[in-house]
Amino acid sequence: MTIFFSYTAKVLNPNITKAITTKLISTIPLNFTSTKHMSQKCTSIPKKQQRVRDHAYDNYMEIEKKMRKVLKFQTLFLSQHNQTLPVSRLDFLARRIGFKRQEAGSFLLKFPHVFEIYEHPVQRILYCRLTRKALLQIEQENKALNAQIPEAVTRLRKLLMMSNSGCLRLEHVRIARTEFGLPEDFEYSVVLKNAQFFRLFNAKESTEKYIELVDRDPSLAVCAIEKVREKEYRERGIDAEDIRFSFLVNFPPGFKIGKYYRIAVWKWQRVPYWSPYEDVSGYDLRSLEAQKRMEKRAVATIHELLLLTVEKKITLERIAHFRLAMNLPKKLKEFLLQHQGIFYISTRGNHGKLHTVFLREAYRKGELLEPNDLYLARRKLGELVLMSPRKVKMDTELVRNRRDRHDDGGYMGRSTVVHANNGFDNFGVKENAGGDQKGDDDLDSDLGSNVESDTSDENDDYDSVETIDAEDYDMGM
């Protein structure tokens with residue numbers, strides 16, 4: 001017993017215990033803990049990533065930035081009597097739509113194919129109005145919008161089916177009506193006229209209106225990505241296990257893909273998830289596996305949301321309106337930057353305060369792969385914005401040439417032709433000046449897409465003021 005206690009006292013001695021512990025730790029391999037840490041870090045997609053620019057999408061947004069300002073003036077002209085406006089009142093009314101003082105006149109002169117300034121034949125004062133090509137573009141867009149109302153009804157039904165409770169705020173849908181191809185009066189032409197699908201009701205706590213889905217159609221609860229997977233499986237013979245839960249990934253040029261990042265994406269592609277149309281209220285979402293499924297479900301929800309839009313793009317600020325209703329993460333921008341091969345976020349427009357989310361698989365070199373009539377009608381306005389002002393001068397001289405020739409029997413016509421040719425020489429056009437005999441009514445004529453007008457929009461205001469609840473929106477800045 002004496003020997004036992006003496007041995008125990010030696011072992012429990014603090015100095016001896018410290019020496020033994022140090023010796024044991026030194027015998028453990030140093031790469032054990034670091035290997036475990038690296039394996040966890042390298043096989044998961046990093047949470048924070050820098051955005052890699054894709055100039056094809058940014059150039060697309062540069063055109064749309066100009067179009068948003070043009071649309072403000074179009075709405076202003078269409079609301080006036082006879083769709084005309086005296087130049088003296090232009091500056092006053094333009095300040096109501098976000099333009100600075102004495103900025104409206106110079107802006108209209110930049111786009112002569114959309115706006116024209118003329119002298120009133122009786123009052124002898126200057127007026128401004130939309131050109132014939134601009135009016136034809138508006139008419140074409142309205143026809144395409146009315147023709148696709150049945151498709152818009154289906155899109156709205158699928159949008160409501162993705163929400164947790166089957167209902168969304170009417171105001172949130174109204175703000176995003178342009179992206180989903182809904183008309184201005186969609187509350188009456190879409191919701192109330194289709195009472196078999198939708199129902200309007202007021203909230204008990206507030207006066208907010210909500211759109212509720214009357215009945216869920218199982219045939220609509222199929223994501224578009226599932227059809228793409230089936231097509232890839234049948235045509236290319238890809239392994240069913242690899243493509244079952246995968247997404248089409250196309251990283252932007254210059255995006256660095258390392259070995260471990262490639263492994264992380266491969267593992268993420270095989271993670272199963274619940275469909276955006278599936279009710280997950282009855283599942284236990286506390287486990288790590290359930291959280292991974294919900295994160296991938298959020299990717300599938302935004303993916304399906306973009307496919308429901310007309311142009312396969314929508315602003316991040318408008319996605320934030322549906323965050324709580326569709327179980328989307330709080331830091332949306334940071335979340336989408338994790339998946340730059342699926343989505344692209346463009347910050348062009350409004351000095352980087354506006355974020356537009358594109359679906360990469362739907363575009364190629366800045367153009368929509370499967371354009372619809374409404375998209376093509378809207379792009380006509382972009383073509384008019386990009387047309388060079390020199391073509392307006394050419395068309396004006398040619399029209400004047402034909403008119404003088406008809407009135408004066410040729411003499412004035414010949415003198416006007418000389419004047420027109422001299423005018424063309426000043427713009428660097430020496431030959432084939434009279435080759436363009438198309439009138440202004442032909443909207444599908446040669447729009448001179450290779451020549452852009454000198455327009456620099458320094459001040460770009462957001463097209464509409466949107467109120468976002470603080471708990472609904474976090475950009476993750």
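Guide: A term to begin with: two strands pair if DSSP finds at least two bridges between them. The model is predicted.

Visitor: Ok. Which residue in β6 is the bridge partner of Leu200?
Guide: Ile211 of β6 is the partner of Leu200.

Visitor: How many bridges join β5 to β6?
Guide: Five bridges join β5, residues 198–202, to β6, and the two strands run antiparallel.

Visitor: And how many residues sit between β5 and β6 in the hairpin?
Guide: The hairpin of β5 and β6 has six residues between the strands.

Visitor: What about β4 and β6, parallel or antiparallel?
Guide: Antiparallel, over three bridges; β4 covers residues 167–169 and β6 covers residues 209–213. One of the bridges has Cys167 with Glu212 of β6 as its partner.

Visitor: Switching to helices. At what angle do the axes of α7 and α17 cross?
Guide: Roughly 165 degrees, with the axes of α7 (residues 132–147) and α17 (residues 373–386) coming within 8 Å. Angles over 145 degrees count as roughly antiparallel, so α7 and α17 are roughly antiparallel to each other.

Visitor: Is that crossing left-handed or right-handed?
Guide: The crossing of α7 and α17 is left-handed.

Visitor: Which residues make the contact?
Guide: On α7 they include Lys133, Gln137, Glu141 and Leu145, and on α17 they include Asp373, Ala377, Arg378 and Leu384.

Visitor: How many of the residues in the contact of α7 with α17 are nonpolar, polar and charged?
Guide: Seven are nonpolar, two polar and five charged.

Note on methods:
Residues are numbered from 1 along each chain as its sequence is written. This is a predicted model: local features need pLDDT of at least 70, side-chain atom pairs count only at pLDDT 80 or more; totals for chains, interfaces and linings use all residues. Side-chain values use heavy atoms; hydrogens and water are left out. Helices (H or I, at least four residues) and strands (E, at least two) are DSSP runs, numbered from the N terminus. Axes are lines fitted to C-alpha atoms, for helices over the stretch in contact, and angles run from 0 to 180 degrees between N-to-C directions. Angles under 35 degrees count as roughly parallel, over 145 as roughly antiparallel, 65 to 115 as roughly perpendicular and the rest as oblique. A crossing is left-handed if the near helix is turned anticlockwise from the far one by less than a right angle, and right-handed if clockwise. Contact means heavy atoms within 4.5 Å. Ala, Val, Leu, Ile, Met, Phe, Trp, Tyr, Cys and Pro count as nonpolar, Asp, Glu, Lys and Arg as charged, and the others, Gly among them, as polar.
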